[in-house]
Amino acid sequence: MLRIEARPEPSRTMQLATPFLAVALTVVSGAVLFALLGRDPVVSLHAFFVTPISSLYGLGELALKATPLILIGIGLAAGFRANVWNIGAEGQLVLGAICGGGVALWFWEVDAPWVFPLMVVAAVAGGMVWAAIPAFLKTRLEVNEILVSLMLTYVAVLLLSTLVYGPWKDPEGFNFPQSRMFGEAALMAPILDGTRLHAGILVALAVALAAWLWQARTLSGFALKVVGLAPAAARFAGFRRHRAVWSTLLLGGGLAGLAGLFEVAGPIGQLVPEVSPGYGFTGIIVAFLGRLHPFGVVLAGFLVALSYIGGEVAQIEAGLPQAVTGVFQGMLLFFLLATDFLIRYRLRRVPRRRAAEGG
Amino acid sequence: MTFRTTRRGLLAGAAATGALALPGSRLLAAERVKAGWVYVGPIGDHGWTYTHDQGRLEVEKALGEKVVTTYVENVAEGPDAERVIRQLAASGNDIVFATSFGFMNPVIRVAKQFPKVKFEHATGYKTAPNVAVYNARFHEGRAVIGTIAGRLSKSGIVGYIASFPIPEVVMGINAFTLAMRKKRPDARIKVVWVNSWYDPGKEADAAKALIDQGADIITQHTDSPAPLQVAEERGVSGFGQASDMRKFAPNAQLTAIVDNWGPYYVERVKAVLEGSWKSHTIWYGLKEGMVQIAPYGPRVPEEVRAEADAVKQGIIDGTLHPFAGPIRDQKGELRVPEGQNLSDEELLEIDWYVEGVQA
C-alpha cells in the first residue's frame, strides 16, 4: 500500500531544482516519444528548444508571446493567493482590446502623441470594468466569481464580434469582419530592429517587479496572503475579505486589459474577431507554474511561450504533427506539476494491516 | 477564361511584377522547390483543411523529387499567424500557401520582408508583387445543391449551418436559396450561426435544432461531417461540404460540393520551378474544376440528377448565372432587376440576404 502524506518541511533546494528536473525529464521522455514515432530525437528537440531562440527575431517572438502571459499571470496569481478565482482573464483581455482599439479607431486620422496613452487608459479601464462585475456580485450577493468571470468571457468575445461584423467593420474591407488598420499614432513600434517585439515586455517586467514589492514589502500585500491562507486569522486581524476581492479582481482585469491592448496595438494592428489564442486561460497555467510568485510567473511565461513557439517550429523543421507537439507540451506541464507535488508530499509504503486500521 | 477582379492593388501589383520579372527571371529556374502550407484547422477535419492538404499531396505526387513540402496545421488567425508564415519563409520555402482569410495581413507583412519568396493567399483581396490571391466560386456548387433541395424537400424548410457572416458565406446562402426557390417558391432557409469554421459539437447541435424546427434537409458552410452524421441518424438528408463525405452518411448525403485545389497548386509550384510565377487574382469555379460536384447519393432520383446536371452545365457554359435577376432581398425590395446579374464585384462585398432566408 502506498500512502500520500505531507512532508513536514518542503526542501528549499528541491524547490529550486524541480523546474530543471522537470525540463530534463521532459527532454528524456520526449526523446523516447520522438524515437518511437520514427523521428530523429536530436533534430526534434533542437527544433523545439533551440531553433526558436537561436536568432534575434526568435528571441523577440519569444518575449512577444510571453508578454500577455506574464501580465495576465501576475494579475491572476495575486488573486489566487487571496483565494479569489478569476477565470475570466480572457474576457477582460478582449474588453481591453475593444476599449483601447475603439479609441484607436475613433481617432483614426489623428496623429498625436496623446492617442496611445488614451488607448492605454481605456484598455485598463475596460478590463477593470469587466472584472468589477464579478467583484460586485461576489461581495454583494456572494455569487461565485469563477462562474461569473468565465461566462463574461463569452459575452466579451461576442461583443467584439458584433463590433467588427457591424459598426467597426473596415469600410474598404469587402465586408470582411475586421476593423481598419490602426493609424501610426496608435501602433506600438518595435523596440528591436528586425523583430516584432514592442515595449510591452518592459511593462510586463516592471509590473512583475512592482507586484513583488507590493506582495513582499507592504501590509496590504501581506493582508492578501493572510486572507487566502487563513481567513479566520485575517478577520481577527481586521483584514477585510471584500477589499481583497475587489483589489485582486481589478488588478487582474486591468492587467489583462493591458495585455489585450498590447496585442491589438502591437502584432495585430487592427481589431479582428479573434484577438487572443486563449492567453487568458493559458495565463492560469502560467500563474500556477510560477508558483503564484511574480518572478516565477515571469519564468513560467517564457517557458510556456517557448513551448508554443517550439511546437510550431517542430512542425516546420522536424515535420512533427501538431498533435505530437501538443502531447509534448502536456508532458512538460505534467512533469512540472508532478515534481512540484512531490516536494510537498511523499509517497510512503505502509503495511496493509496498519493502513486498514488507520483507515 | 480567367476572371480578374479590379481589387485594390492588383494593377499596381501586376505592373510591379512585370517590371521585376524582366531581368532574367528565366535564369532563376530552380532544380527543386520548397513549398509550405499554413492551415487554419487540423488536416483531419474532412473539410476545408483536409482538401487543401489533399492538394498538397497532389503536388508531391505530380512533382516528385522536384518538390519538398511542409505544412503547419491549426494556426490561429491572430498574432501567431505572422510568426508561422515568417518561419516558413525563413526556413527556405520558395512558395507559401496561406489557406485562410485571416492570414491576409500577416501574409502581406511577411511578403514585404521576403521579396524573393512567393506567397499565395486563399480567399483574400490584397495582392503584392510576390503575393497572389486565389479563391473558388463555391456559390456555383450551392446553386446545384439548392436545385436538388428544391425538388427533394417535403417540408420546404432547409436548415443551413453557417460559420461567419462574411461575403463568401452570405453569397453561398443566397445562391442556395435562389436555386431552391426556383424549384420551390415557398421554400424557407433557416440559418444558424455557429461562429466557428470547425466545431463538430456545435455543428451537430445546430443540425439537431434545425431538424426539430421542421428542416428535412441540412446543409452547411462549416467543415466537419457532424451535421451529416446527425442527418443520417435522424433520417433526413444533407450535403457534404468541401470534400465528399459519403462515408459519414452513405444514405443521407445527396451530393457534396468538393473543393479541388490540387491542379492549381501543381500549376503554381511548377511556375516557381520554371521561374514563370507571377502575382494574380483568380476566382475559379465549376468550369475550371476548382469546385466539383460529388457523385449523387441513392436518394436522388434520375430526373432530379438531370435537373442538377443541367444547372451545373449551364454555369459551366455561361448560359446560367447563379445570381440572375429578378432578385429580391429579405424585405421584398427588388435588388437586381430582370435581365441583369449581380456582378463579381458586388458579390465579393455582399452583405444582404435574398427573400426566403431566415438569418
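**A buried arginine and its setting**

Modeller: B:R56 is buried, because 24 other C-beta atoms lie within 10 Å and a residue counts as buried at 20 or more. This is a predicted model, and every value given here is computed from it. B:R56 belongs to helix 2 of chain B, which covers residues 48-63. Leaving aside residues up to four places away in sequence, B:R56 touches B:W37, B:T69, B:Y71 and B:Y265. By contrast, B:G146 stands 90 residues from B:R56 in sequence, and the C-alpha atoms of the two are 30 Å apart in space.

The chain around this residue comes next. Chain B contains eleven helices and 15 strands. Of its 359 residues, 55% count as buried. The radius of gyration of chain B is 21 Å, which agrees with the value near 21 Å that a compact globule of 359 residues would have. The C-alpha trace of chain B spans about 60 × 40 × 35 Å along its principal axes. Among contacts in chain B between residues at least 6 apart in sequence, 66% join residues at least 24 apart.

B:T123 lies in the loop between strand 4 (118-122) and strand 5 (131-136) of chain B, and its phi is near 70°, a positive value in a residue other than glycine. B:T123 counts as buried, with 21 C-beta neighbours inside 10 Å. B:P326 is placed in the loop between helix 10 (302-317) and strand 13 (327-328) of chain B. The peptide bond that leads from B:G325 to B:P326 is cis, with omega near 0°.

Chain B also meets chain A. Their contact takes 27 residues from chain B and 22 residues from chain A. On the side of chain B that touches chain A, strand 2 (67-72) and helix 3 (79-90) of chain B each supply at least two residues. Helix 3 of chain B gives the largest share of that side, seven residues. By class, the side of chain B that touches chain A has 13 nonpolar, seven polar and seven charged residues.

Within chain A, helix 11 packs against two other helices. Helix 11 (residues 279-289) and helix 12 (residues 294-317) of chain A pack at an angle of about 130°, with their axes 8 Å apart. That angle makes helix 11 of chain A oblique to helix 12 of chain A, and their crossing is right-handed. In this contact, A:T282, A:I285, A:V286, A:A287 and A:L289 of helix 11 meet A:V297, A:A300, A:G301 and A:V304 of helix 12. The residues of this contact divide into seven nonpolar, two polar and no charged.

The axes of helix 4 (residues 89-106) and helix 11 of chain A come within 6 Å and cross at roughly 135°; these two helices are therefore oblique to each other. Their crossing is right-handed. Helix 4 of chain A contributes A:A89, A:E90, A:G91 and A:L93, while helix 11 of chain A contributes A:Y279, A:G280, A:F281 and A:G283. Here the residues divide into four nonpolar, three polar and one charged.

A:F174 has a positive phi of about 55° although it is not a glycine, and A:F174 counts as buried, with 20 C-beta neighbours inside 10 Å.

Definitions and conventions:
Residues numbered from 1 in each chain as written. Chains lettered and ligands numbered in written order. Predicted model: local features only at pLDDT ≥ 70, side-chain atom pairs only at ≥ 80, totals over all residues. Helix = DSSP H or I, 4+ residues; strand = E, 2+ residues; numbered from the N terminus. Buried ≥ 20, exposed ≤ 12 C-beta atoms within 10 Å, placed from the backbone. Contact = placed C-beta atoms within 7 Å. Axes fitted to C-alpha atoms, helices over the stretch in contact; angles between N-to-C directions. Parallel < 35°, antiparallel > 145°, perpendicular 65-115°, else oblique. Left-handed = near helix turned anticlockwise from the far one by under 90°. Nonpolar A, V, L, I, M, F, W, Y, C, P; charged D, E, K, R; others polar. Rg over C-alpha atoms; globule rule 2.2 N^0.38 Å.
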